[in-house]
Amino acid sequence: MAYLTRTLPKRVFTPSLPQSIRQTRAITITTLQPTPTRPTQTTRTSKPRQLPQRTYHSALHARLPDHSYTNSQTAILTSALAHVPAHGFTATALTLGARDAGFLDVSVQLLPRAEFDLILFWLASRRGLLRGQVEEGGLFRRIAAEKGKDIHELSVEERVRGLILERLRMNAEVKGVWQDALAQMSLLANIPLSLTELHALASDILTLSGDDAVDATWYTRRLAVSAIYASAEVVMTRDPTPDLVETEAFVERRFEDRKVIADKLIGIGQCAGFGWNTAIGLGRSWGLKI
Amino acid sequence: MLSSPILRRCALTHCRHSAPAATPIFLDFLAPSTFKHGQCRQASTTAGTPGGSKPLYVLSKEQREFMDSALRVNQAGEIAATLIYKAQTPQIVRSYPHLRPLMKHMYDQEAGHLKTFNHLIAKHQIRPTAMSPAWEVAATFLGWSTAALGREAAMACTEAVETEIGSHYNDQVREILSWEADAERRGEELDEELKEMLATFRRIRDEELEHLDHAVANDSKEAKPYDPLVDVIRFGCRAAIKISEKV
């Protein structure tokens, strides 16, 4: 018993001690020392473990971080985003961002994927921004007000459409350089991570909209939202209108297409099921042992 | 949710010092890697339950992954179970009308379990298994073919399936109980959802084992090629569980 009481507080506090030290060290690097001489020594240069995987979610537990960029990487990427509209998703933007954050030019090597890291960070941070807007409650109220409805009357599909458009509008400020980013994302080595990020976005949009599919439609809906969003992104880069009116019309049309296709497939499925049940019932009524 | 204000505050102050960001950025999903889960235990001391006195037991990444695959498998299993009973019922009831109430009772319980797990999957934002179309076909075929072999074979099928499912639920209950013991050692307690889930798993396990008893009481051991039949079905169940955990 005495042994237990001696070890118990120790077990609780030992893990937290080295962590708090590392944490303060990481913060000191980026905040208290404006020009770190050798940032590579204290931060990991290995590729951040990416792949934002969805796991068990609970309102009672903190959300697991989707990414694991270190503090220094986050600082560089955050300040590099400010240079994206002018310089595009390029090494120049990264270097300027590193300088703004008080790092040496060479510290862009902290980001092993270079420009692609910047693109991923843009996508992930916009996704987080979208989630923030919804969780603070303002976005759906605005969408409902635009349609002249009460917030509870919004259907899931209207919410999904609103979120897709909102996410596209976030891209408006980098519209000029977005084609380059799309080209980067479509490089062979970058495709898996790009698709993962696209799936994470589609999944977030559907979850935030209150979609509660628990069967195969879980997959088809995410596929549909991904397809609509990805194609609308391409359309957006060529959309000359100021408020993305053409893109909005494009998204509307894609949703109509989706509805037509879904109705067709559901109709075919129901017809086949009906035929099958009839055949079985007929067989049983004839006395077949089936 | 509980530690995110801390994270955000830390991230934002850090942001303000390092660079005046032009656009607001929510960094709580990009929490710095210094917040490794598993080392994150100290967060639980700051986060108390609303009414209780003990701090909340924080789930690690592995534990969340366990819950993720556990709930996915359970939902897939209940889909299959309902379909098996649904496919067996017409043929069994045709030859043995006295079994109608029993089949209906077992089917209703399985449908209730499925509803429970559908709710849990949606609530905890868990990906349902991608194999569900395949499992649906396989389960319907299994139910139909064993019922075609006769009442004993159908009951042997129930026995095999419920044995596997019962022990599977048992493993999950044991795992959550080990977390509870761990929490006890740390002076923390499991959150309400987990406690409720533990109770649910126990209830469902008992109901599955009750089906097993019904199957044995209805001559499942009399099935003609008993051993090969039961072995094949149990092997299939185990394989399906393993696949559903991942996919």
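How much space lies in the second largest cavity? About 60 Å³, and the points below start from there.

1. Ground rules. This is a predicted model, in which local features need pLDDT of at least 70 and side-chain atom pairs count only at pLDDT 80 or more, while totals for chains, interfaces and linings use all residues; side-chain values use heavy atoms, with hydrogens and water left out. Residues are numbered from 1 along each chain as its sequence is written, and chains are lettered from A and ligands numbered from 1 in the order in which they are written.

2. The cavities. There are 4 cavities of 30 Å³ or more. A cavity here is a set of points, on a 1 Å grid over the protein atoms alone, where a 1.4 Å probe fits but cannot get out; points are joined across faces, edges and corners, and the volume is the space filled by probe spheres set on them.

3. The lining of the second largest cavity. Lining residues have an atom within 4 Å of a point. Helix 6 (151-186) of chain B gives the most, with 4 residues, and helix 3 (61-95) of chain B also supplies at least two. Helices are DSSP runs (H or I, at least four residues), numbered from the N terminus. The lining, which includes Y85(B), E110(B) and E208(B), divides into 5 nonpolar, 1 polar and 3 charged residues. Ala, Val, Leu, Ile, Met, Phe, Trp, Tyr, Cys and Pro count as nonpolar, Asp, Glu, Lys and Arg as charged, and the others, Gly among them, as polar.

4. Helix 5 against helix 6 in chain B. Helix 5 (residues 132-149) of chain B packs on helix 6 of chain B at about 140°, with axes 6 Å apart. Axes are lines fitted to C-alpha atoms over the stretch in contact, and angles run from 0 to 180 degrees between N-to-C directions. The two helices are therefore oblique to each other; angles under 35 degrees count as roughly parallel, over 145 as roughly antiparallel, 65 to 115 as roughly perpendicular and the rest as oblique. Contact (heavy atoms within 4.5 Å) involves, among others, L142(B) of helix 5 and V161(B) of helix 6. V161(B) also lines the second largest cavity.

5. A pair in chain A. The axes of helix 8 (residues 138-147) and helix 9 (residues 156-170) of chain A come within 10 Å and cross at roughly 105°, which makes helix 8 of chain A roughly perpendicular to helix 9 of chain A. Among the contacting residues are R142(A) and E158(A), and the contact divides into 4 nonpolar, 1 polar and 5 charged.

Key:
1 Å grid on protein atoms, 1.4 Å probe; cavity = no way out; pocket = protein on both sides within 12 Å on 5 of 7 lines; lining within 4 Å.
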